Amino acid sequence: MGKCVIFATLSILFGALLLSRKSAIVQLQDDFAKGGKNIIHLIVVSMLIVATFWDLKTYRIPNKLTALVCVLGLLYSGCVGGFHLLGKSVLGMLLPVGILFIFYVLKVVGAGDVKLLAGLGTFFYFDVVYILILTMIIVAVYGMFLLVARWIRGGRLGKDFVLATRMHMSVPICIATIAWLFGGEFHVI
C-alpha cells in the first residue's frame with residue numbers, strides 16, 4: 001500500500017509538471033477560479049500514470065483503479081452539468097466498451113484496458129473515440145517497428161512471433177490521452 005501512495009504522489013507531481021506553463025501551484029490556484037478544468041486534467045493524468053506503472057509491473061490494471069476513474073468522472077459530470085452531462089458521461093463510458101468488446105473477445109485487449117478507456121469516457125464523453133483512434137495508431141506504429149526490427153535481424157515473422165509479442169496497452173492509452181489533452185480540446189461543461 002505504501003508503494004501505491006508513493007506512485008500516486010509522484011504521478012500527481014509529474015502531472016503538475018506536465019500541466020505547468022506557469023508554476024504548477026499558481027496554475028492550480030488560478031484553476032479554482034475558472035471551474036476546475038486543469039484539476040480534472042491533473043486527476044486524469046495522475047490516474048493514467050498510476051495505471052500505466054501498475055500495468056508495466058503486473059500486466060494488470062486493478063479494478064479498484066478503473067472503478068475509481070469511472071466514479072470520479074460520473075460524479076464530476078453530474079455535479080458540473082447535471083443530468084445532461086451525466087448522460088453524456090454514461091454514454092462516453094459505454095462507447096469504448098461497445099467498440100472494444102470484439103477485441104476483448106478475440107483477446108487483443110484485456111478487460112482492464114477496456115475499463116480504463118471506459119473510465120476516460122466518463123471525462124471525455126464522445127471524444128474518447130479520438131483517444132481510442134490515437135491509441136490504435138500508436139499500437140500500429142509500435143507493431144510495425146517490431147516487425148521491421150525482427151525482419152532486419154533475420155527473424156521469422158510467423159504466428160509464433162505474434163503470439164510471443166505482448167504489449168502493455170495502458171502505455172499507448174496514456175500517451176494518446178496526454179496527446180489529446182495538449183493537442184485536442186477537453187470538453188467539460
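## Packing of α6 against α8

Helix α6, spanning residues 128-152, packs with α8 at an angle of about 125°, and the two axes lie 8 Å apart. The structure described here is a predicted model. Angles from 65 to 115 degrees count as roughly perpendicular and those over 145 as roughly antiparallel; α6 and α8 are therefore oblique to each other. Their crossing is right-handed.

On the α6 side, the contact is made by Tyr130, Ile131, Leu134, Thr135, Ile138 and Val139. Helix α8 contributes Pro172, Ile173, Ile175, Ala176, Thr177 and Trp180. By class, this contact of α6 with α8 comprises 10 nonpolar and 2 polar residues, with no charged residues.

## Helix α8

Helix α8 covers residues 170-183, a run of 14 residues. From its first C-alpha to its last, α8 reaches 19 Å, close to the 20 Å expected at 1.5 Å a residue.

The buried residues of α8 are Ser170, Pro172, Ile173, Cys174, Ala176, Thr177, Ile178, Trp180 and Leu181. Among them, Pro172, Ile173, Ala176, Thr177 and Trp180 also take part in the contact with α6. An α-helix has 3.6 residues a turn, so residues three or four places apart point the same way.

## The protein as a whole

The protein contains 8 helices and 0 strands, and its pattern along the sequence reads α-α-α-α-α-α-α-α. Of its 189 residues, 36% count as buried.

Contacts between residues at least 6 apart in sequence were also examined by separation: 70% of them join residues at least 24 apart.

Conventions: Residues numbered from 1 in each chain as written. Predicted model: local features only at pLDDT ≥ 70, side-chain atom pairs only at ≥ 80, totals over all residues. Heavy atoms only, no water. Helix = DSSP H or I, 4+ residues; strand = E, 2+ residues; numbered from the N terminus. Expected span 1.5 Å × (residues − 1). Buried < 20%, exposed > 50% of the residue type's maximum accessible area, 1.4 Å probe, protein only. Axes fitted to C-alpha atoms, helices over the stretch in contact; angles between N-to-C directions. Parallel < 35°, antiparallel > 145°, perpendicular 65-115°, else oblique. Left-handed = near helix turned anticlockwise from the far one by under 90°. Contact = heavy atoms within 4.5 Å. Nonpolar A, V, L, I, M, F, W, Y, C, P; charged D, E, K, R; others polar.
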